[in-house]
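This report describes the structure shown below.

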Amino acid sequence: MRILRVRRGYTTNSSGANEWVPPANLGKGSTTLPEHTDRGVEASPAEVKQVTIIAAQPRPQQDEPSAAGASRAVGNIGIVGVLVGVVFFLFAATRFLRRMWAKRR
Amino acid sequence: MGEEKVTTLLLRREPFGGILFSPDDAVHVDLDHGAFTFIREHIENGRLAATQEELDVLDQVIAELDGSVRVADRTLRVVDYQRDVRAFPFQVLNAPTLVDFQITTECPLECPHCYASSSANGVSVDIADIERVFRDLRHNGVTQVAIGGGEPLVHPHFVEILELSSAYGLVPNLTTNGVHLGPIELDAIERYCGAAALSLEGVGDAFGRTRKTGFEFFRQRLGEMIDHGIATVLQVTLSQQSFSELDAIVDFCAGESRLYGVIFLAYKEVGRGRGFDRTLASLPAEHVHEKLRAAFLRLSQTTRVGYDCCLTPAMVGFASELGFSSDNQLEGCSGMRSSLGIGVNLDVVPCTFLPQTTVGSLRESSLFDIWRSEAANTFRERMAAHGERQGCRSCDSRASCLGGCPAFDLVRCTNHVAFEHLALSAGRL
């Protein structure tokens, strides 16, 4: 987890992106924009967090749980359960047979 | 304590993770996937850092944006398109961050070297179309709009355009000749623009060779803009002629300590500029690099100094002296990778210097579709092929420089020159 790169500075020219010499050499710029009203998100006081999610073509996220994923998970739990049951049965049956064998002797 | 300013941050998903953008000084913080997810949860849901890694990222983000305001106290807008832009050997963002918008072709000065061939009889984009374009740019998470022309201030709705741009969450920046700057325009630029630029291609009499207004008028306008609190940039377009006057230009710029910055641009022989002057590629590369290096090192003592992506091949030789590290590399052409141009007819081009290379029209398609179109990919393929040509193939800087401008021969790099010498001696050129 990391910051890959930081670019700082306004672009006025119309010949594509520009690059300002990294601010570490110069100190950070002191220019700030005045408060303005954002048309898509109403102006709000600083303590209010207002979030607008924009997705013109929404599609399921890769990490979003899906119906297929859920049924796969249920299937896995079933298989594990059956295996545990078989092991438990074999263990119990072995002990029972040993006891019966010991009584006979 | 004074009133706290509200800043709307923008989070945009990208192939590498995402970008966190703050309009204050146009800060773009590129985050990897883990950092993007954490910062989003932190701002959206107030989730606190749970690990040292998260704490470090948060500390860095706060420091980069503004140490005095908590990141979680800001409003946030999220643009979360999934990655479906075709892969190329260079980085292509999910949408442009920068758009150059030619809002008019009208300009009373009719400079003899104007690349846009602007004239007093030019046309302007309808204000309703401009608002529609801004809405489209907003939905794609564009961060900055470089408003140009023609002369933008002659547009009958100039102030409204700045207001709209800002209202749609796009930082408007501007290039002007200063002729129509009055109190209303100065107020609007100061209020809404990130920065505004005046062009400077010579000092004193040399200035008047390309501009009818003369140098004293330029100085007066420059003073008015700075006194009005406008972040003012001096744009120096470097051609064969202006490069011969670079020392005088640098002297002048170094004497203006209140500038936002000085930006060097590469001259292109386009429009009326064709045949007016020659590009830096016509000069010996070592001479260009040495003078540019001296100019950067001198100006960076007093102001920001920068360059457009067209000049990148000339920068690679002294990039480390300017503080560029491997993590903060130079970038080659940004056309259709992180920027595009919109013409006065709403045609979309990779760059405003390529008005014939249309990749779509905003009258017919959305920016989302144009960015992912075959026409856009064709230009990217051209750029990829340009970076693979002989002389670039074995160069260490190829990944960042991309071989320079794919359309024009603008400036030479040291490697390119060495290659040409070798090729000449071998009889291949």
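## Confidence of the prediction

Over residues 421-429 of chain B, however, the pLDDT is below 50. Beyond near neighbours in sequence, that stretch has 4 contacts in the model, a contact being two residues whose C-beta atoms, placed from the backbone, lie within 7 Å.

For the complex, the predictor gives an ipTM of 0.92 and a pTM of 0.82. This is a predicted model, in which local features need pLDDT of at least 70 and side-chain atom pairs count only at pLDDT 80 or more, while totals for chains, interfaces and linings use all residues. Residues are numbered from 1 along each chain as its sequence is written, and chains are lettered from A and ligands numbered from 1 in the order in which they are written.

## Chain A

Chain A contains 1 helix and 3 strands, in the order β-β-β-α from the N terminus. Helices (H or I, at least four residues) and strands (E, at least two) are DSSP runs, numbered from the N terminus. Of the 105 residues of chain A, 18% are buried, meaning that 20 or more other C-beta atoms, placed from the backbone, lie within 10 Å of the residue's own.

## A helix pair in chain B

In chain B, helix α3 (residues 127-139) packs against helix α4 (residues 158-167) at an angle of about 20°, with the axes 10 Å apart. Axes are lines fitted to C-alpha atoms over the stretch in contact, and angles run from 0 to 180 degrees between N-to-C directions. The two helices α3(B) and α4(B) are therefore roughly parallel (an angle under 35 degrees).

Residues B:I127, B:I130, B:E131 and B:F134 of α3(B) meet B:E160, B:I161, B:L164 and B:S165 of α4(B). The residues of this contact comprise 5 nonpolar, 1 polar and 2 charged; Ala, Val, Leu, Ile, Met, Phe, Trp, Tyr, Cys and Pro count as nonpolar, Asp, Glu, Lys and Arg as charged, and the others, Gly among them, as polar.

Terms used:
Angles under 35 degrees count as roughly parallel, over 145 as roughly antiparallel, 65 to 115 as roughly perpendicular and the rest as oblique. pLDDT is the predictor's confidence in each residue, from 0 to 100. A residue is buried if 20 or more other C-beta atoms lie within 10 Å of its own, exposed if 12 or fewer, and partly exposed in between; C-beta atoms are placed from the backbone.
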